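Student: I would like to go through some contacts and salt bridges with you. Please show me the model, and I will ask what backs each label.

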Amino acid sequence: MEPIAIGLLGLGTVGSGVVQIIENHQEKLMHQIGRPIQIKKVLVKDLKKERAVTIEPTLLTTNIEDIINSPEIDVVIEVMGGIEETKNSLIQALKNKKHVVTANKDLMALHGSELLSVAMENGCDLFYEASVAGGIPILRSLVDGLSSDHITKMMGIVNGTTNFILTKMSKQGSAYEDVLKEAQQLGYAEADPTSDVEGLDAARKMAILATLGFSMKIDLDDVKVQGITTITERDLQYAKQLGYTMKLIGIAQIEDDKVEVSVQPTLLADNHPLSSVNDEYNAVYVYGEAVGETMFYGPGAGSLPTATSIVSDLVVVLKNMVLGVNGKSIISPQYEKKLKAPHEILSKYFLRFHVTDKVGVLANITALFSERGVSFEKILQLPVKEKGLSEIVIVTHSTSLEDFEGILAQLEVLPSVHQIKSSYRVEGNGHS
């Protein structure tokens, strides 16, 4: 039996995991596909570098053309990262009738629709399960397992670095900078952690999830993003006191054919299933009209979890090759994009600010909220060390983003308001 030949672009953490799984699970893969799998060529930057896996030196190349233009290679697995150059290389591979499996969320969030249409034109498969939540099979669950349902909301923790940092800050009372250093030492955070801590990594994943879940082309620019860099220990103390856990949450929801997608620090009620997802773990909570609520939980990164998703995609490609149905599973978004306006985005909010400690100040502030029809679910007023000031913490009832932003703008210019310290979205009910 002729083996199916694989070209691997990249042999870092994830690439090494792919090699391990293909070698160690060969018997199971052979049973599923009916043909052996052979890694034919591997693209690396440095031929002499020590590697986590043992690989025949003759299989290594520093020239990508040896893979994307080789007539012998059937499937290209891309785990090297990069955007523009990588996109051009994968387009070339697809035009050469090679199927593609990628773990590249940046590429898929920015150029996914273009790559998918090139794949369709050339009768090729393009799968990208590993791009969203590492080892969690969330994309296939949306596309296959929940394909008969109408998904109304997806919310999740889709970035392990920020979840690790917030877990440590909440549980140990550590400062953000200290925990970030620890995350970098453990390899959970990059030397430049901007993409993770500013929410961009999670935003790319939410754009991919929303596009698939709602069958509507959602771009990165459509995602409202706020990172975790301004969260303080005091915010976390109040969250705990009020019965909430702080998480960086991606939310995508659809109502009346209009979509809202955001990534922001969110106070989750302690009894929400996502509140107990700690450290580097990821989880996605999916609401379907028929199925109700489901949650997908697991390691969001790491060599073998991510490689598991990649090789699972590879198995689907190879089964399609045996059946002769490659390129048939790509479905273009069904609906035209419609985004919610700020007055249609409803949520509860947490707000913490310092005011002049005088009689009547709280009454003025309450009146300002009342003018926009916003009521309070919880309110705390405490003295602060600076003389003549007090700290007010409010959790509102549900209101529109437009009204909440309007209130913030009014508070900023109110003479009795000394400083707005923080504001966050709130999901669920804490305790009094």
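Tutor: Start with exposure: buried means under 20% relative accessible area, exposed means over 50%, and partly exposed lies in between (1.4 Å probe, protein chains only). This is a predicted model, in which local features need pLDDT of at least 70 and side-chain atom pairs count only at pLDDT 80 or more, while totals for chains, interfaces and linings use all residues. Residues are numbered from 1 along each chain as its sequence is written, and side-chain values use heavy atoms, with hydrogens and water left out.

Student: Why is Lys337 called partly exposed?

Tutor: Its relative accessibility is 31%. That value falls between 20% and 50%, so Lys337 counts as partly exposed.

Student: What makes Asp222 and Lys337 a salt bridge?

Tutor: A salt bridge needs a side-chain nitrogen of Lys or Arg within 4 Å of a carboxyl oxygen of Asp or Glu. Asp222 and Lys337 meet at 2.7 Å, N to O. The pair therefore qualifies. Asp222 sits in the loop between α11 (200–214) and β8 (223–225). Lys337 sits in the loop between α13 (303–323) and β13 (346–356), 115 residues apart from Asp222. Helices (H or I, at least four residues) and strands (E, at least two) are DSSP runs, numbered from the N terminus.

Student: Why does Asp222 count as buried?

Tutor: Asp222 has 18% relative accessibility. The limit is under 20%, so Asp222 is buried.

Student: How do you know that Glu182 forms a salt bridge with Lys168?

Tutor: Their closest N and O atoms are 3.7 Å apart. That is within 4 Å, so the label holds. Glu182 lies in helix α9 (residues 176–185) and Lys168 in helix α8 (residues 160–172), so the pair ties together parts 14 residues apart in sequence.

Student: What makes Arg372 and Asp403 a salt bridge?

Tutor: The closest N and O atoms are 3.1 Å apart. Arg372 lies in the loop between α14 (361–371) and β14 (376–383), and Asp403 in helix α15 (residues 401–413).

Student: Why is Gly17 called buried?

Tutor: Gly17 has 0% relative accessibility, so it counts as buried. Gly17 lies in helix α1 (residues 13–24).

Student: Which residues does Gly17 touch?

Tutor: Gly17 touches Ser303, Leu304 and Ala307, not counting residues up to four places away in sequence. Contact means heavy atoms within 4.5 Å.
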